Amino acid sequence: MGLHVFQPVELDEILEGAFHFGGDTWALLTAGDDEKANTMTVSWGGITHIWDKTCAIIYVRESRYTREFIDAQKKFSLSFLNRDAYRGLKKYLGSVSGRDEDKISNAKLNLNFDDGVPFIDEADNIIICKVLYKQLMKEDCVVNGRIIADYYDKGDYHYFYIAEIKKVMIR
Ligand SMILES: Cc1cc2nc3c(=O)[nH]c(=O)nc-3n(C[C@H](O)[C@H](O)[C@H](O)COP(=O)(O)O)c2cc1C
């Protein structure tokens with residue numbers, strides 16, 4: 001009896017979908033409350049499964065202002081906007097800091113709230129998350145030194161956040 005025949009597929013083919021990260025894909029990571037919130041562009045992250053829960057994992061450098069809002073509220077949202085229509089915002093929200101400007105109003109975006117968690121009203125797809133675990137990456141733990149050379153020559157390591165997905169919304 002012959003063995004099955006397997007076809008190699010491009011990784012992108014099995015990763016397609018509304019909540020795919022990486023490559024050209026980006027989302028707006030938003031946190032805060034009805035008094036003050038901030039958002040930033042993210043393209044690293046993913047959906048994962050741990051502790052019998054489906055979770056999102058995100059990677060946020062220590063220096064990001066948005067991180068302060070995540071840590072204060074222990075909740076955040078990921079808003080996926082139409083990539084073509086909002087192409088111009090990717091760079092603005094991903095290079096200017098909310099410490100210096102009110103990015104959300106400058107970008108003419110509107111905040112909406114789900115059970116107190118802010119998200120971007122213009123998004124097509126939204127994930128609401130509750131932080132379960134966070135950890136700062138550190139030099140000692142890097143197994144392949146290229147990672148330090150390529151991403152951490154100035155320090156500013158990423159925190160990773162594993163967060164339970166509380167709700168998924170599609171417009
Ligand atoms: C396409 C793109 C993807 C990004 N992805 C991330 C990311 O996954 N994690 C991160 O810490 N910063 C990422 N950034 C950088 C932040 O969005 C940027 O530093 C932002 O200005 C932080 O804003 P804040 O200080 O208001 O929080 C990305 C930037 C761009 C343009």
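**Entry: the model.** I noted before anything else that this is a predicted model.

**Entry: the ligand.** I asked which residues come nearest to the ligand. Out of 21 residues around the ligand, the nearest are Tyr65, Thr66, Gly94, Ser97 and Gly98. I then listed the elements that give two or more residues to this shell: β2 (37-42), β4 (53-61), α2 (65-73) and α3 (87-93). The largest share is that of β2, with 4 residues. Sorted by class, I found 8 nonpolar, 8 polar and 5 charged residues in the shell.

**Entry: helix α2.** I looked up which residues of α2 are buried and found Thr66, Arg67, Phe69 and Ile70. Seen down the helix axis, these buried residues of α2 fall within an arc of 160°, so they line one face of the helix. I also checked what covers the buried residues of α2, and the cover includes β1 (27-32), β2, β4, β5 (75-80), β8 (125-136) and β9 (158-170). After α2 comes Lys74, and I noted its positive phi, near 60°.

Entry: I followed β4 to its partners. Strand β3 (residues 45-50) and β4 run antiparallel and are joined by 6 bridges. In this pair I found Gly45 opposite Ile58 of β4. The two strands form a hairpin with 2 residues between them, and Trp51 in the turn has a positive phi of about 55°. β4 is also joined to β9, by 7 bridges, and this pair runs antiparallel. Here Cys55 stands opposite Glu164 in β9.

**Entry: the core.** I looked into the largest nonpolar core, which has 32 residues. The members that touch the most other members are Ala27, Leu29, Ala56, Leu78 and Cys129. I took Ala56 for a further look. Leaving aside neighbours within four places in sequence, Ala56 is in contact with Gly45, Ile47, Leu78, Ile127, Cys129, Ala163 and Ile165.

**Entry: strands β6 and β7.** Strand β6 (residues 111-114) runs antiparallel to β7, and I noted 4 bridges between them. Phe113 stands opposite Pro118 in β7. The pair forms a hairpin with 2 residues between the strands, and Asp115 in the turn has a positive phi of about 50°. I asked which way the residues of β7 (residues 117-120) point. Val117 and Phe119 point one way, Pro118 and Ile120 point the other way, and all are buried.

**Entry: Asp114.** I found Asp114 in strand β6. Is Asp114 buried, exposed or partly exposed? Asp114 counts as partly exposed because it has 14 C-beta neighbours inside 10 Å, where a buried residue would need 20 or more. Leaving aside neighbours within four places in sequence, Asp114 is in contact with Phe119, Ile128 and Lys167. I also looked up Asp114 and Ile162, which are 48 residues apart along the chain, and their C-alpha atoms are separated by 20 Å.

**Entry: Val96.** I found Val96 in the loop between α3 and α4 (103-106). Val96 has 14 C-beta neighbours inside 10 Å, so it counts as partly exposed. Not counting residues up to four places away in sequence, Val96 touches Glu101 and Lys103. Val96 and Met40 are 56 residues apart along the chain, and I noted 8.7 Å between their C-alpha atoms.

Notes: Residues are numbered from 1 along each chain as its sequence is written. This is a predicted model: local features need pLDDT of at least 70, side-chain atom pairs count only at pLDDT 80 or more; totals for chains, interfaces and linings use all residues. A residue is near a molecule or strand if its C-beta atom, placed from the backbone, lies within 6 Å of it. Ala, Val, Leu, Ile, Met, Phe, Trp, Tyr, Cys and Pro count as nonpolar, Asp, Glu, Lys and Arg as charged, and the others, Gly among them, as polar. A residue is buried if 20 or more other C-beta atoms lie within 10 Å of its own, exposed if 12 or fewer, and partly exposed in between; C-beta atoms are placed from the backbone. Two strands pair if DSSP finds at least two bridges between them. The arc is that of the directions from the helix axis to the C-beta atoms. Two residues are in contact if their C-beta atoms, placed from the backbone, lie within 7 Å. A nonpolar core is a set of buried Ala, Val, Leu, Ile, Met, Phe, Trp, Tyr and Cys residues joined through C-beta atoms within 7 Å.
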